[in-house]
There are 4 protein chains.
Amino acid sequence: MGEFQVADPDFAERVRHSFGRQGLMAHLGAAMTRVEPGIVEIEMPFTDDLSQQHGFYHAGGIASVIDTAGGYAASTLFAADDGVLTVEFKINLMSPADGDLLIARGEVIKPGRTLTVTKGEVFVRKDGETKLCALMQQTLMRIVGRSGIQG
Amino acid sequence: MGEFQVADPDFAERVRHSFGRQGLMAHLGAAMTRVEPGIVEIEMPFTDDLSQQHGFYHAGGIASVIDTAGGYAASTLFAADDGVLTVEFKINLMSPADGDLLIARGEVIKPGRTLTVTKGEVFVRKDGETKLCALMQQTLMRIVGRSGIQG
Amino acid sequence: MGEFQVADPDFAERVRHSFGRQGLMAHLGAAMTRVEPGIVEIEMPFTDDLSQQHGFYHAGGIASVIDTAGGYAASTLFAADDGVLTVEFKINLMSPADGDLLIARGEVIKPGRTLTVTKGEVFVRKDGETKLCALMQQTLMRIVGRSGIQG
Amino acid sequence: MGEFQVADPDFAERVRHSFGRQGLMAHLGAAMTRVEPGIVEIEMPFTDDLSQQHGFYHAGGIASVIDTAGGYAASTLFAADDGVLTVEFKINLMSPADGDLLIARGEVIKPGRTLTVTKGEVFVRKDGETKLCALMQQTLMRIVGRSGIQG
């Protein structure tokens, strides 16, 4: 996508620090692997704790990491003391998330003063091959001068 | 809503059994508390493992339980050997999920031979008071004669 | 739903007046039939100008009236000089919109200072019988002290 | 995106013919300008009949053309006697659609035997400059051997 202007030169450290304080992300074994202006990636290795009844990644775990990736992608463009809040998101689960690693990539489409729109893509890796398995469209709100209300 | 016809008299046991095999639901500490034709409720007590950076329930945990509640609400109306698969869902996070207990209620709006549409409501309880904090609209697919591909 | 407080006693006149200035609504033959705090209904009789290739209401016409009904439902609770803007909406088309009249009902679920969440239900009437055919979930933004940017 | 396999060599003629039978598209002054495997574009010049109360394109008109573009994008990959039906779509209105021409581009992301997922982008042209103003994510259903139930 386009090149985005960052307002906070320390955006990467700020975003990683905030991510590190999310109990759910640690509980799911997720790691933030990429932080760039408008783009964030999170990876999550498969364990039975992330499964649904057939041994694939549960849609809830997929939604958790892609919502987080999108929210932090928006946050990279914010000022240092702004918070980010998920207003809503929609996710299509397009094929079974069958594999050993999930890669969630959030990307800003339209930054804004109040609202940011992102897209999210989730890939699942199996036997070394990576395949797109879910797609998200998301709306975030910037909370000026106050830390975010919801992840 | 309306009264739905069940195809499988043992729907409640079947749904509870399938829920019990979802690793993620156990990992998040979620429990299925209500199973009726077209309606399923799941509760999830708060722990730090479910938190985002401000101590509230993470949007991902909220999405996990309401997607599951909606999917199983649809499944109550299926035949015993049908599977359920989440096609997509959209969730609005309407206020901070700040409390000690989350109650996710999935309800069938439009049953169908191939696709079922559900709505989901998520409530958070704090100091004994319960408040609506998230709203979902979801599309499920019935997999005839085969167990579901995705929870 | 609950009873909402109105900020503007002349909300009904204001909303009807704004609706009357929407060229698309007139072009589609839509009429606003109900305006109450948090609830707006719009009706649209069928003509070939509203059809898709099989003679049913086109999804676009359905989306047009339910988005408008939801937006104005939110607007009933606003101050006289606030504007309303559709941030996003999601719509499920649940059965063919086959009939002579479409009734779109928008209802506020969660009012807010900046964002309002609504739900929408669309009914189609055929041979005197009315049936739910579409469901919407929508997010609106309040534009304080300025007329809305988008319908 | 990727290159898609077409099942019907006459897909372009079939799609254009079906579009031509949509009363709403003619009533809105929309024209199909591009038909390729997995990609369809529709243009719609501005008139007052497409306006909301501030003179911009009404969200309903935007939704109408992008839903149609996505549905026909899916349809390009179908067999000659399959129908296409919109299951659901979500649209973000990201900036005011202020201009003289709307360009709606639907693109298949994930083709499937029963369900197809598309993305949609809507651009508005003003003073010769084109800008992205809306984004859609959509789910279509293939109706095998029968013409579509809904556009």
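D:Asp127 sits in the loop that links strand S5 (115-126) to strand S6 (129-143) of chain D. The model is predicted. The phi angle of D:Asp127 is near 50°, a positive value in a residue that is not glycine. D:Asp127 has a relative accessibility of 70%, and therefore counts as exposed, since exposed means over 50%.

In chain B, B:Asp127 is placed in the loop between strand S5 (115-126) and strand S6 (129-143). B:Asp127 has a positive phi of about 50°, although B:Asp127 is not a glycine. With 69% relative accessibility, B:Asp127 counts as exposed.

## Ser18 of chain B

B:Ser18 belongs to helix H1 (residues 11-20) of chain B. Is B:Ser18 buried or exposed? Its relative accessibility is 13%, so B:Ser18 counts as buried; the cut-off for buried is under 20%.

Leaving aside residues up to four places away in sequence, B:Ser18 touches A:Gln53 and B:Tyr72. The side chains of B:Ser18 and B:Tyr72 are joined by a polar contact of 2.7 Å.

## How chains A and B are related

Strands of a sheet pair through backbone hydrogen bonds, either parallel or antiparallel. Here an open sheet of 12 strands has antiparallel pairing and the order S1(A)-S2(A)-S4(A)-S5(A)-S6(A)-S3(A)-S3(B)-S6(B)-S5(B)-S4(B)-S2(B)-S1(B). Which strands stand at the edges? They are strand S1 (31-36) of chain A and strand S1 (31-36) of chain B; each has a single partner strand, so one side of each has no neighbour in the sheet. On average, neighbouring strands of this sheet are turned by 20° against each other, direction ignored.

Within chain A, strand S2 (residues 39-45) and strand S4 (residues 101-110) run antiparallel and are joined by seven bridges. A:Pro45 stands opposite A:Leu101 in S4(A).

## Helices on the sheet

Helix H1 (residues 11-20) of chain A packs on the sheet and touches S1 and S2 of chain A. The direction of this helix makes about 155° with that of S1(A).

Helix H3 (residues 59-75) of chain B lies across strands of both chains: strand S3 (83-93) of chain A, and S1, S2, S3, S4, S5 and S6 of chain B. Helix H3 of chain B runs at about 40° to S4(B).

Methods. Residues are numbered from 1 along each chain as its sequence is written. Chains are lettered from A and ligands numbered from 1 in the order in which they are written. This is a predicted model: local features need pLDDT of at least 70, side-chain atom pairs count only at pLDDT 80 or more; totals for chains, interfaces and linings use all residues. Side-chain values use heavy atoms; hydrogens and water are left out. Helices (H or I, at least four residues) and strands (E, at least two) are DSSP runs, numbered from the N terminus. Buried means under 20% relative accessible area, exposed over 50%, partly exposed in between (1.4 Å probe, protein chains only). A polar contact is a pair of N or O atoms within 3.5 Å; within protein, one must be able to donate a hydrogen and the other to accept it, and residues adjacent in sequence count only if both atoms are side-chain atoms. Contact means heavy atoms within 4.5 Å. Two strands pair if DSSP finds at least two bridges between them. Axes are lines fitted to C-alpha atoms, for helices over the stretch in contact, and angles run from 0 to 180 degrees between N-to-C directions.
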